[in-house]
Amino acid sequence: MKKIFLALVSAAVAITAHAVMPHVYINPGHGGHDADDRNVVVYPFVQGDTAGFWESNSNLKKGFALNNMLKAKGYTTSMSRVRNTTNDDLKLATIAALSNSSGADIFYSIHSNATGTESRCNYPLGIYRGYSGQPVVAGSDRLAETLGAVLIKNEATYWTLNRYPIYGDWTFYPQWGTQGLGVLRGNNVVSMLDEGSFHDYIPETYRLLNDNYCWLEGWNFSRGADSYFGRDDDTFGYGAIAGLLRDSRMLRNVSYECFGDDKRLSLNNAVVLLQDLDGNTLDECNTGELYNGFYVFKMVPAGTYRIVARGPEHYEQTKEVTLGPNQSAYCNFDLMRVRNTPPEVVSHSPQWHEGDAPLKCSTPIVLNFNWDMDPVSTQQAFLIDPPVQGKFTWEDSYYRLIFTPNDAFEADTRYTVTLKATAQHNGGMSLGEDYSFEFQTEARKYIEPYVIFPHDNDRVHYKNAVVELRVDSMLVTGYYYDRIHVYNAAGEEVAINKRSVKLNKKGDDYGYIRIPIASALTAGERYRLTISKELVDTAGLRLPQEIDYAFTAVDVAQEVEGLETVLVLDAKEHLVGDGATLTTATDYLCGAKSIQLKYNLEPGAEISFTTLAESTGELTCNDAIVVPVNGDLSLNRIIVTLCDYAAGDVVNVDLGRIDFNGWRDLRADLTMLPAGKRYMLSGITLSRESDNKVGASGTIKLDDVLKAEGTKPQVNGDVNGDGVVSGADVTALYGVLLDNATVAGNADVNGDTNVSGADVTALYNLLLGNDSGNASVKLSAGTVSEYIVASADGLIHGMELIDANGKTVKRNAGNFINVEDVPAGHYTVVVYTAVTATTRQVTVAH
Amino acid sequence: MILPLLSGCCALTAMAQHVTVVSQTRLSDGIEGEACYPRLSPDATKLLFSDADTRGLRMLDLNSHTVTTLSEEPGAGFDARWAGNDRVCFVTARRADDHLIYRTPMSYDLATHSAQAMLEPQHGAVSAVVGNRGTAFLGAHKSRGRVKDTGTSVYTKGSQLIITRDGVTTAHSPVESYAGYLWASLSPNGDKVAFVAAESGVIVTDLNGNVLASLGHYEMPAWLDNEYLVVQNATDDGHQFTSSQILLLKADGTFSHALTAPSSMTMQPTAAAGTVVYSTIDGKLTMLKIQITQ
């Protein structure tokens with residue numbers, strides 16, 4: 001049949017020959033399969049294989065097609081190369097000079113494009129010499145426009161841009177100044193360079209490996225030339241019918257990026273027939289074996305035809321196409337695959353049998369089929385008991401169904417999955433019988449946060465604020481910035497410092513995401529921290545709920561300003577044990593420096609450093625001790641040790657856990673100190689509790705130890721407010737009664753809400769030891785799990801919980817202690833009232 | 001900047017020849033904009049040049065440093081030729097309403113400062129063949145003058161080298177080339193021809209078309225004297241120039257000397273009477289006076 005067409009073509013040429021025929025210079029770009037050529041490696045070719053994709057190959061094939069078609073249309077042509085060796089890759093000035101010398105009217109430099117990056121796209125692009133809109137050689141812009149109008153209409157590809165961009169090379173390559181493209185420089189013919197498509201878009205790479213596809217572009221170039229010269233009339237009575245054959249639904253199982261219909265499988269070895277309307281076959285084309293599914297019928301007389309497409313495993317499809325003279329007609333096919341056996345589940349996961357270890361609650365359910373399945377009937381046939389809300393996804397061109405629960409499966413639960421017999425493949429056949437299996441989930445369902453900073457309603461030092469989450473499993477951190485957000489009071493997202501973000505990695509003790517805020521927060525302003533439930537760990541588990549915490553930015557330095565210094569910490573004067581180092585730090589809250597403690601701690605261990613007695617100020621029960629700490633969210637405890645050197649009495653004061661990042665003023669009222677006694681700071685201890693999973697190592701900073709006015713114990717009889725009951729208080733009480741002195745302490749000694757002579761009597765009784773003061777102290781229960789609550793006739797100023805080793809476990813300046821986080825065991829409770837401390841025994845049991 | 005480099009290169013050649021750049025001069029007086037495609041007159045007193053896109057043709061008098069405009073037409077600068085020292089032949093190119101390009105051979109008389117169209121504009125290739133006895137203007141459709149009357153002359157047509165000697169014109173294809181031949185020129189004494197075969201580079205033949213030397217993949221050969229040529233040695237990445245330099249070559253292929261460095265982006269050399277002029281990628285002209293001693 002092709003011979004018939006050729007004879008017709010010769011006749012057509014004779015008819016359409018014009019008196020003066022245009023002369024086209026054709027420059028197939030690059031050449032030689034060498035360094036300045038472009039090789040894209042795609043299967044089955046290897047790097048450097050000259051049979052694989054090289055831009056020089058496809059450019060030359062397009063050039064040949066253009067040359068042949070122009071000649072068939074009566075044009076005069078010249079080509080810069082007809083072979084593909086290094087010597088044929090002519091120098092740029094030579095090509096321009098050949099174009100000038102040839103007598104040509106127009107010059108086409110044929111190329112294809114590449115992004116040069118990881119991103120992909122596919123569209124044609126035209127470039128002429130000069131600035132955009134100001135071609136150096138008049139008419140070059142029109143040459144690009146007429147070509148682009150034809151190329152962009154190619155439907156046997158997938159364009160990611162539906163227009164043909166045109167640029168002047170001085171605009172397109174501004175870094176080159178007015179040097180421009182070498183083949184256009186000094187080329188005084190109306191000229192352009194076309195980048196026909198993107199050869200690093202792999203579906204296009206495969207198309208460019210098809211000689212017929214290159215022919216189509218060459219043919220379309222000839223139509224562009226016709227349009228430029230105003231010869232795109234119907235005197236050339238032939239055209240081309242081209243298209244792509246793809247599976248109607250199966251997807252390419254590939255890792256490279258595909259757009260639009262290119263995502264579906266291109267059909268190899270498919271046969272396409274060109275038939276007249278009576279069904280007589282006029283020509284035949286095979287799509288080949290290079291994953292492009294392309295066919296073309298060349299030099300087809302204008303008319304109406306039937307195109308019959310037959311895939312090797314597909315139902316035949318026929319379409320009718322009308323081809324105009326000197327036109328390209330496009331006819332793509334989406335062929336339906338032949339499916340002639342019932343569908344089966346060939347495998348499933350999870351695979352679990354009675355006695356096996358239970359599965360993670362995030363385990364997806366996967367069903368693999370022997371056919372690509374109909375998603376609607378299959379999803380309707382999918383049952384799980386107990387019922388679970390989830391989503392279906394399909395992979396491998398509908399050969400694989402995945403069910404992923406919206407939330408995790410319930411913990412410690414037996415599930416039964418059933419695919420009912422009504423599931424069908426796309427050919428309409430059903431499964432035949434139900435398919436069922438079971439699995440058991442493990443006890444852990446959610447990610448367990450160890451600590452999140454800030455906590456709800458927390459205070460955060462405004463400078464160098466850091467948001468951090470520490471959990472019991474390794475987090476998937478790839479999209480942390482989509483999952484964790486901080487908003488200001490206006491609801492605007494607060495910028496983070498991405499370069500300084502720290503993320504958990506394999507081998508870490510716990511999962512974490514640590515996000516520094518880019519700029520200082522505004523002290524006094526309220527903020528929000530949100531953490532999405534979409535944050536998952538490597539097992540696919542999520543947080544138990546969304547986090548939405550409010551916090552306030554504060555200036556801790558301002559809060560401690562003016563407090564009296566107890567001790568200026570100096571890294572050189574304090575000794576610290578093994579596993580830790582003390583250095584001077586320039587990040588400080590007050591003064592001119594702070595000290596930095598870098599440590600490693602075993603569970604249950606502690607590390608201390610001592611201070612020099614003569615360097616510290618005195619502390620009494622009327623004071624609060626304030627230690628500015630730059631925390632590391634380690635949940636380790638800070639304990640200060642106070643010493644009455646004269647009496648040899650030592651008191652440990654627990655300042656609490658380091659459940660924060662950045663500066664914070666840890667405070668504790670010293671009401672537990674015996675009234676009238678004076679203590680000095682003798683040491684600071686960092687203690688890791690045995691169940692603390694995040695405190696193994698870290699770095700904290702401590703600034704100068706300060707003291708503030710404490711919550712003064714109302715010491716009964718301490719009329720002058722010096723913390724002790726003595727004869728001086730009698731004098732003071734008389735002063736009050738005579739109305740010539742102010743009350744510094746508590747003058748209502750007998751508690752009758754009236755200061756009178758009866759209080760003098762009560763004061764004398766106190767001085768004479770007639771009031772024991774502790775007889776009424778009682779605890780709420782001998783065994784507790786949550787709170788120890790004390791009661792007494794008088795005011796209770798504080799409580800202290802001491803373990804069997806004499807170590808203070810907890811303190812509270814009130815009549816209760818929360819023991820929820822205290823290990824079970826036997827403890828001593830010290831209850832402080834106005835004048836004395838009373839001990840009681842208590843058992844903590846959980 | 002170039003002189004020290006040249007001395008070094010000379011020391012390395014270890015040949016009998018010694019190349020000395022006697023002077024190096026930037027030609028900028030009276031020149032506005034880019035100056036490209038220079039062509040020295042045979043006596044090296046005048047210089048033709050065009051813009052980077054061969055639009056227009058101007059002449060710089062190297063003695064008076066005055067510039068004369070010979071043409072403003074497109075294409076005039078592409079292959080302008082000296083016919084003696086007082087006449088210039090060139091071809092202009094104009095696109096007509098039918099989008100075809102029509103070319104006109106022109107002759108400019110420096111004595112009268114007048115330009116004359118030697119033929120009506122015509123479609124297709126047009127060229128001027130300049131011989132020692134006359135000039136012929138050849139067109140695809142019409143010609144003026146006969147090549148056999150040019151004395152000794154040479155030009156290229158496709159992949160043919162057309163040599164005329166004593167009224168006898170013969171066509172030669174001494175090396176294979178599909179794309180064609182370019183830039184044919186006679187040596188000053190008229191006994192050798194240099195040209196470029198697109199795929200092979202610079203070829204030197206005798207007047208019978210016998211290859212005397214194949215000098216390498218260079219472009220735009222120009223005779224400095226009867227023994228030496230200058231050429232452009234440019235490289236590219238398929239889109240833009242990546243380097244370009246001017247080389248001095250001995251016509252028998254036994255000597256090569258870099259007059260400029262590859263990174264200098266110097267190009268389009270012309271030469272005559274011991275003088276070399278070249279342009280740069282940004283259209284700056286430089287003149288060298290060369291002395292070659294044995």
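The structure is a predicted model.

## Where chains A and B meet

Let's begin with the contact between the chains. On one side are 39 residues of chain A, and they are in contact with 34 residues of chain B. Helix H3 of chain A, which spans residues 92–102, gives the most to chain A's side, with eight residues. Sorted by class, that side of chain A has 16 nonpolar, 16 polar and seven charged residues.

## A closer look at helix H3

Is H3(A) buried or exposed? Of its 11 residues, 11 are buried, so the helix is largely enclosed by the rest of the structure. Among these buried residues are Leu92(A), Ile95(A) and Leu98(A), and the list also includes Ser99(A), Asn100(A) and Ser102(A).

## A sheet of three strands in chain B

Now turn to chain B, where three strands form an open sheet in the order E13-E14-E15, paired in the antiparallel sense. Strands E13 (153–157) and E15 (168–172) of chain B are at the edges with a single partner strand each, so one side of each has no neighbour in the sheet. From one strand to the next, the twist averages 20°.

Strand E14 of chain B covers residues 160–165 and pairs with E15(B) over five antiparallel bridges. Which residue of E15(B) does Arg165(B) stand opposite? Its counterpart there is Val168(B).

Conventions:
Residues numbered from 1 in each chain as written. Chains lettered and ligands numbered in written order. Predicted model: local features only at pLDDT ≥ 70, side-chain atom pairs only at ≥ 80, totals over all residues. Pairing = 2+ DSSP bridges. Helix = DSSP H or I, 4+ residues; strand = E, 2+ residues; numbered from the N terminus. Axes fitted to C-alpha atoms, helices over the stretch in contact; angles between N-to-C directions. Contact = placed C-beta atoms within 7 Å. Nonpolar A, V, L, I, M, F, W, Y, C, P; charged D, E, K, R; others polar. Buried ≥ 20, exposed ≤ 12 C-beta atoms within 10 Å, placed from the backbone.
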